[in-house]
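Q: I would like to learn how to read the features of a protein model. May we take them in turn?

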Amino acid sequence: MPEALAALIARLDAAVQLGDTAAITRQIKHELETATQNGAVALPDRFRRVRPEGYARRLLHRNDELGYTAVVMTWGPGQGTPLHDHAGIWCVEGVVEGRMDVTQFDLVDESGEAFRFEAKGCVHAAVGSAGCLIPPFEYHVLANAMTTPSITLHVYGGEMTTCHVFEPLHDARGRYVRRERALSYHD
Ligand SMILES: [Fe+2]
């Protein structure tokens, strides 16, 4: 692992030991912003490969003892996620390269199988910026805002093996249905 990246991992190790979620995510946001502003996230080539089928999700680092993972996502032009949650796990996401459109949603109603959300506005996240998702505020959509690849680094308070995605019902009330999605790592 390149030296600058190893240094960032060491700083993440320290951050996740701060105790409460608010302090941890605040510090990780600071670490990701500093590292990406300084170009310190020098990723090995395999993390840069775009997958034509959809965005790539590759494990950069996992620390079982401290209970966190760092995941790199690589987004080709036009690639993005559906509306999804984070399985109740906190997350901090920083932009390493390119630019992302990030739309946060609030869950406003849940009745039976149907869910309603309110979009909280779209943020154009550029290199050097990072955002936190702290449950119960954990619903969002990510999309590459560029016509070239973008790369993001995600730090999770655990290992996210499943999440929920929300598919529009296309009814008059703008409701969604929830589906479980298994998550895995690409090569
Ligand atoms: Fe997400």
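A: In soluble globular proteins, nonpolar side chains tend to be buried together. A nonpolar core is a set of buried Ala, Val, Leu, Ile, Met, Phe, Trp, Tyr and Cys residues joined through side-chain atoms within 4.5 Å; buried means under 20% relative accessible area, exposed over 50%, and partly exposed in between (1.4 Å probe, protein chains only). Here the largest nonpolar core has 25 residues, and those with the most contacts inside it are Ile28, Val41, Leu43, Leu60 and Leu153. Helix H1 (3–15), H2, strand E2 (68–75), strand E4 (91–97) and strand E9 (150–156) each supply at least two of its residues, with the largest share, five residues, coming from H1. Helices (H or I, at least four residues) and strands (E, at least two) are DSSP runs, numbered from the N terminus. Another core, of 17 residues, lies apart from this one and includes Tyr55 and Trp75.

The model is predicted: local features need pLDDT of at least 70 and side-chain atom pairs count only at pLDDT 80 or more, while totals for chains, interfaces and linings use all residues. Residues are numbered from 1 along each chain as its sequence is written, and side-chain values use heavy atoms, with hydrogens and water left out.

Q: Which residues is Val41 in contact with, leaving aside its neighbours within four places in sequence?

A: Contact means heavy atoms within 4.5 Å. By that criterion, Val41 is in contact with Leu5, Leu8, Ala35, Thr36, Val96 and Leu153, when neighbours within four places in sequence are set aside.

Q: In what order do the strands of the open sheet stand?

A: Two strands pair if DSSP finds at least two bridges between them. The open sheet has five strands in the order E1-E2-E9-E4-E7, with antiparallel pairing. Strand E1 (56–63) and strand E7 (130–133) each have a single partner strand, so one side of each is left without a neighbour in the sheet. Between E2 and E9 there are seven bridges, and Thr69 stands opposite Tyr156 in E9.

Q: Which strands does H2 lie across?

A: Axes are lines fitted to C-alpha atoms, for helices over the stretch in contact, and angles run from 0 to 180 degrees between N-to-C directions. H2 lies across E4, E7 and E9, at about 5° to E4. H1 lies across E1, E2 and E9, at about 65° to E1.

Q: Which residues are the protein donors of the iron ion?

A: Donors are N, O and S atoms within 2.8 Å of the metal (3.2 Å for Na, K and Ca); water is not among the atoms, so sites may look incomplete. His84, His86 and His140 each donate through NE2, at 2.0 to 2.1 Å from the iron ion. Both His84 and His86 are buried.
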